[in-house]
Amino acid sequence: MTFSPLTEHLDTPRLVLTPQVPDDAPWLAELFTARGTGTVTVEAAVERIATMTRTRRDMGIGALVLRDRSTGDALGYCALVVGRATLDEPELAYELLPHAHGHGYATEAAAALVDAAFATGRTRLWSTVRTWNRPSLRVLEKLGFRRERVTTDGAGEIVWHVLDAPS
Ligand SMILES: CC(C)(COP(=O)(O)OP(=O)(O)OC[C@H]1O[C@@H](n2cnc3c(N)ncnc32)[C@H](O)[C@@H]1OP(=O)(O)O)[C@@H](O)C(=O)NCCC(=O)NCCS
């Protein structure tokens, strides 16, 4: 099965979504560090941007940065990734800077990305979320994903969610 590449530009009422560029490294370093699993330097973030750019080129899916439509400030990213799923039925992922939480931005961006993902020709998307991550579970619920199964790894339970393209 072949799919169109994921678009590189999405507009929503409050956001513009575009690929990462090297200038995004400082805030991406802040975001990765906010995960609490160790400090990520700006240099390391530059490397990750290069990797994400190659992934987009080679696989046709990847991340788009949420940029505030009025200020241009980056707020986080939303992505289609293979993750625990597959290239044909990829995972939706999202991660925002702490100060951007709680304004509906993840749902607004992810809704646009879901439409764009189906526009590539894909018919099914997944998302896997830890059971403790209430905000993320709520975003999936608002997008119409349904809970499909629960698996366990060394860090605990993972809830698999699925969304089928509208018929
Ligand atoms: C998950 C994340 C992207 C959500 O971003 P966001 O822009 O705040 O999400 P939204 O505002 O669109 O929606 C969040 C929803 O969760 C709800 N929520 C927030 N905290 C909650 C909690 N503790 N319990 C239940 N619901 C909660 C909000 O009220 C909102 O629902 P509502 O619109 O019905 O009120 C953000 O919290 C984040 O970046 N977290 C860290 C990274 C992460 O966990 N990514 C997902 C990995 S699977």
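Tutor: Happy to. One definition to begin with: UniProt positions are given here in the numbering of this chain, and an annotation may be inferred rather than shown by experiment. With that in mind, an unreviewed UniProt entry lists residues 1-166 as "domain: N-acetyltransferase". The model itself is predicted, and in it this span is 31% helix and 30% strand, with its end C-alpha atoms 19 Å apart.

Now to your pocket. Its volume is about 1,100 Å³. Its lining is made up of 35 residues, and nearest the centre lie Y94, E95, W132, N133 and S136. Of these, Y94 and E95 fall in strand 5 (91-96), while S136 belongs to helix 4 (134-143). Strand 5 is also the element that gives the most to the lining, with six residues. Besides strand 5 and helix 4, at least two residues each come from strand 4 (74-81), helix 3 (105-119) and strand 6 (124-130). By class, the lining has 17 nonpolar, eleven polar and seven charged residues.

For context, let's turn to the second largest pocket, with a volume of about 230 Å³. Its lining has 15 residues, and M52, T55, G62, A63 and V81 are the closest to its centre. The most, however, comes from helix 2 (42-59), which gives five residues. The classes here are ten nonpolar, three polar and two charged.

The axes of helix 1 and helix 2 come within 8 Å and cross at roughly 100°, so the two helices are roughly perpendicular to each other. Helix 1 makes this contact with A25, P26, L28, A29 and F32, and helix 2 with V42, A45, V46, R48, I49 and M52. By class, the contact has ten nonpolar residues, one charged residue and no polar ones. M52 is a handy link to follow on your screen: M52 takes part in the helix contact and is also among the residues closest to the centre of the second largest pocket.

Definitions and conventions
Residues are numbered from 1 along each chain as its sequence is written. This is a predicted model: local features need pLDDT of at least 70, side-chain atom pairs count only at pLDDT 80 or more; totals for chains, interfaces and linings use all residues. Side-chain values use heavy atoms; hydrogens and water are left out. On a 1 Å grid over the protein atoms alone, a cavity is a set of points where a 1.4 Å probe fits but cannot get out, and a pocket is an open set with protein on both sides within 12 Å along at least five of seven lines; lining residues have an atom within 4 Å of a point. Grid points are joined across faces, edges and corners, and a volume is the space filled by probe spheres set on the points. Helices (H or I, at least four residues) and strands (E, at least two) are DSSP runs, numbered from the N terminus. Ala, Val, Leu, Ile, Met, Phe, Trp, Tyr, Cys and Pro count as nonpolar, Asp, Glu, Lys and Arg as charged, and the others, Gly among them, as polar. Axes are lines fitted to C-alpha atoms, for helices over the stretch in contact, and angles run from 0 to 180 degrees between N-to-C directions. Angles under 35 degrees count as roughly parallel, over 145 as roughly antiparallel, 65 to 115 as roughly perpendicular and the rest as oblique. Contact means heavy atoms within 4.5 Å.
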